[in-house]
Amino acid sequence: MSMAARSTPSAGLTSCSPSLAHDCGGNSYLSGICYHFNSQLDPIANKTVAFQECQKNVVNLVFLFDGSSSMKNEDFKENKNFIWKITTQLKNSSIQFAAVQFSAVPRIVFTFKDYMDGTAKKKLDEEEHMKHLTNTHQGIDYVLVNLFNNVSCGADPDATKALMIITDGTPTDFHTKDVIKSCEDQHITRFVIGVGNVDINKLRIFSSEPKENNTFQIDNYSGLEGLLDKLQNDIYNIEGGGHRERTKELSQSGFSAIYDKDVLVLGAVGSNEWRGMLYEVGSTEMEIKDPKLNNDSYMGYSTAVGQRGGVSLLFSGAPRSNYNGQVTLFRKQNTWDVTTRVKGEQVGSYFGASLCLLDLDSDGDTDYLVVGAPLYYQAEPRREGRMYVYRLTNEMELEKVLEVADCVQGRFAATVSSVADLNGDELQDIAVGAPLEDSGKGAVYIYLGNRTQGIRPHYSQRILARTISENLQQFGVAIDGVMDMEGDGLTDIVVGARGTVLLLKARPVLSVSAHLSFSPSEISLDNFDCLAQIDDSTEAVTLSACFSVEEKSQSTGAVSRGLNVSYELRADTARTWNSRAFFLPRDKTSRSLLSSVLLDSHYSCFYHTVYMPNCVTDTVSPLLIWLNFSQAEQQPSSSNAVINIDSRTTANVEIPFQKNGANVSCVADLQLDFNFLNKTLLVVDQSYFIIIVSLLNKGDDSFNTSVELRYPEGLSLSKFDTIKASRRTLSSCGDRNDGALDKTTCSISLPVYHKGTSALFQATFRISGSYRWSDMMEMTLVASSSNNGNQTNGTVTKTLPVQFAVDVAINLEPSVTYLNFSLDEKGPKPVDIVYMVRNLGLKSLPVSVKFIMPSQIGQNFILEQHTITAPQNLTDCTVRKEKNSALCLKQMSCVKYECPSFCLEIESAVKFELKAQLTYLNPQQYTGRWSLHKFSLENGFLSFAELDFDRSHYSQTSNGPQDDATKFHQAQVSVRAELVIPPNRIFIMCLGVAGGLLLLIIVSVLLLKFGFFKQKKYEVVRAKLERSRMQVKFIKSTKINDD
């Protein structure tokens, strides 16, 4: 049931049930009934709203069923049973039935009068099967003449007419009379049922529009049973005046209820085919519609009433509108008119299931609308249910300002209710129900009001049902919080659960603030003596911790305001270690103190002594004392007050040290300068870049001195070291300021950079190769202090050119470097030289390449048909002939290849192939030449390649200052060409024969001269030879005998 309360013209309560049912011809209608109660909750009246009376029109319905020979006897019986089942199920309606069998001729089975007299069943059972033709047109004409327009048969001239044709065959007669037009003229609704293999398209001409909804086809007559429900519903619509939308039949008025001043407004979610509607219930019922809603929108599911400028505003939720949900704002002039709409974001989220309004400043004007979508689902982080807050603008538009989802599972925001101020900030607050949270036990969330967003984004309290009772279920299904039930000046919240109503009492809210003070006004330096080296402590100051208490809520004086708080004191909190102060005289580690006290008056103070060691080196930085407090778990039994969550629960105080000197303020004179160590910034990833910083203080002591370094984001400060100083000087550089990537602040000799101190610092930066550097780098250093002023400007800015480190090279790949020629092979022969240009670094850059190859080598060789091959679409190389001896590497002429600038990508290699044809020029000068030895003629030439780039912007990496990096940018190759002539073989043979003959003649002459050819001498020689042979034979025979 829904409830609505009113205060004018007299206090009262209205409670409505949307489930008032009444029967209309076997159909249940659902409307609502509202009960009115006076201020003593006595019922004084009740009223039904959006009540739909039963509407019935007399209907004359004729069954025209087929009796042709194609039908079996069993099918004929099925047909008659089907007819009687329809008449039986609709017997309590205003429908009158008649039946006609048609075949070769039509025949009345029973009339409307027979049906009214109760004889129809007997006549239907006795009807015999005709078993002949299928004259459908003739049957329809027969029905028109003898039943629909025949009063003697019981026809009602004012009745709505309907005809149901059941057949298993196409018509066998001709369309001699325009019976279809006659049916249309008499507004007869026609249904056609085709059975079996009948051509259904030929039967559609007999059915009413829309023909696809009024023509049915089944496989056999046993399938008629399956059409009962469909046909019964269609016939019911005819009884109600034809096919029409349901308006108030299922209105369920009273699903939601609200009062606009003294006029009751009810939500009726089932009206108009469940589009939903609102009813303003006064002396008459006035319908409030949103014409753009689709069916099944459920408008009226939730309602809320507000006003702006004295004009009433009405908000209504339709959680199923277009599946996403919608809230419609109506504004009342003379009638309720749609002003604006706001739609849900997720399908099925039930956006608009709950509504409430906020009037933050209590001026009577609505400021915010809160909308619940309890079925909203969020995957990461997992959430179920979402609450939206919309600001109502002066133009009557709804502007979303906040989304809240705090429940993992539980239908969060199934109920949202504005409640009176709970924490005393004079702003309305919100109570939100999640009735299925915690395994269906439920929970209620409290959100405090906020002027800029309506409510605060985080709940201030989460009330779980199991903390109240383990038996509660669906706690938070209904919430209201506008009444003070006990008269104590505090708002109470009524929460509904399944079968239970609970009253949650508000508690007094106390605003508590803390204040720290100390005595004396400064820490005396006379207490410290580091030379004595006595490990003892001294009382530095007495600390006062005072609390003031003020109630923010408007409770009566009978409420006890006693409150237990726990507080913690921490000393010297600016230091993370080596604290200078403590709270126990013999424990120097006791830099914190815990205490619990009762605040039972408007102002309470508590005192503590702060101790310090005998030797304190830092007497410049003040001593910081910090206090934090919270409500203690154990509270006085007489008090139920709570601390306001807006109370500032911290306090701190700085205790200064004694100052000596005549001048109240010091004026420093910081003179800053810096120099770059290099002439350019060479960009090499993760390499170092160094500057030298000088800082001189010519004024008074400088306190909290710092140097801020501002630089490009491609640099990061790695170290900041003191390399020379007139006195001990320390520096400390913290993290980059506020996450900035382009500056770092370095503290110098905290806390004091003394007068006359000078120091040199070395700042070392790491260079990022991925940063997009410009041609110039700018760096700014700023010196500052916490003194009242600085006499000179402490800002210095300098610039430095930027160069990028690259590693590129050109080198020779395997090539043809030797060619030999002969008189038979004088060429041309191919010369093929391959160069490779490589980028070995981490930076792409534009480069250009040129090559030189001679065209004539001395007087003997010539190079022709010079070509160069380069990667397609990379660069377009040109070839030009030169005759400059210096350019041509001391050759008479050469060819110069020039490849203009192209981009050499990171880790890429580009191949250039130079080709030419080498030919020997003068073979005739050695042709026919007689030679005893091998003859060769050799010439050599150089091919040169050079790589170039913008050296003002890029710099080749090297291994040190002695390393010439440019050697990688040039390459050359020496090619040798040799003419080889072998010795003349014929000449050598002829010369050998002649020499042999000459030698024989000389030998013969010599033998002759020495008498070699005389007889005596010949015999002597022969005798000697014979003797030698005999000796040999004797030796052989002796050897054989021995064996």
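View 1. Cys16 has a relative accessible area of 0%, so it counts as buried (that is, under 20% relative accessible area; exposed is over 50%, and partly exposed is in between, using a 1.4 Å probe and protein chains only). A disulfide joins Cys16 to Cys34, with 2.1 Å from S to S (a disulfide here is a pair of cysteine sulfur atoms within 2.5 Å). The pair links distant parts of the chain, 18 residues apart: Cys16 is in strand E2 (residues 12-24) and Cys34 in strand E3 (residues 27-37). Helices (H or I, at least four residues) and strands (E, at least two) are DSSP runs, numbered from the N terminus.

This is a predicted model: local features need pLDDT of at least 70, side-chain atom pairs count only at pLDDT 80 or more, and totals for chains, interfaces and linings use all residues. Residues are numbered from 1 along each chain as its sequence is written, and side-chain values use heavy atoms, with hydrogens and water left out.

**View 2. Another disulfide joins Cys546 and Cys605.** Here the sulfur atoms are 2.0 Å apart. The torsion about the S-S bond is about 110°, so this disulfide is right-handed. Cys546 lies in strand E33 (residues 537-551) and Cys605 in strand E36 (residues 603-613), so the pair ties together parts 59 residues apart in sequence. Cys546 is buried at 6% relative accessibility, while Cys605 is partly exposed at 26%.

**View 3. Helix H1 has a buried side.** H1 (residues 73-89) has 17 residues and reaches 25 Å from its first C-alpha to its last, close to the 24 Å expected at 1.5 Å a residue (the expected span is 1.5 Å times one less than the number of residues). Phe76, Asn79, Lys80, Phe82, Ile83, Ile86 and Thr87 are buried in H1. They cover an arc of only 155° around the axis, which puts them on the same side of H1 (the arc is that of the directions from the helix axis to the C-beta atoms). On the face turned away from that buried side, look for the exposed residues Glu74 and Lys77.

View 4. You'll find Lys679 in the loop between strand E41 (670-676) and strand E42 (681-683). Its relative accessible area is 77%, so it counts as exposed. Leaving aside neighbours within four places in sequence, Lys679 is in contact with Leu800 and Pro801 (contact means heavy atoms within 4.5 Å).
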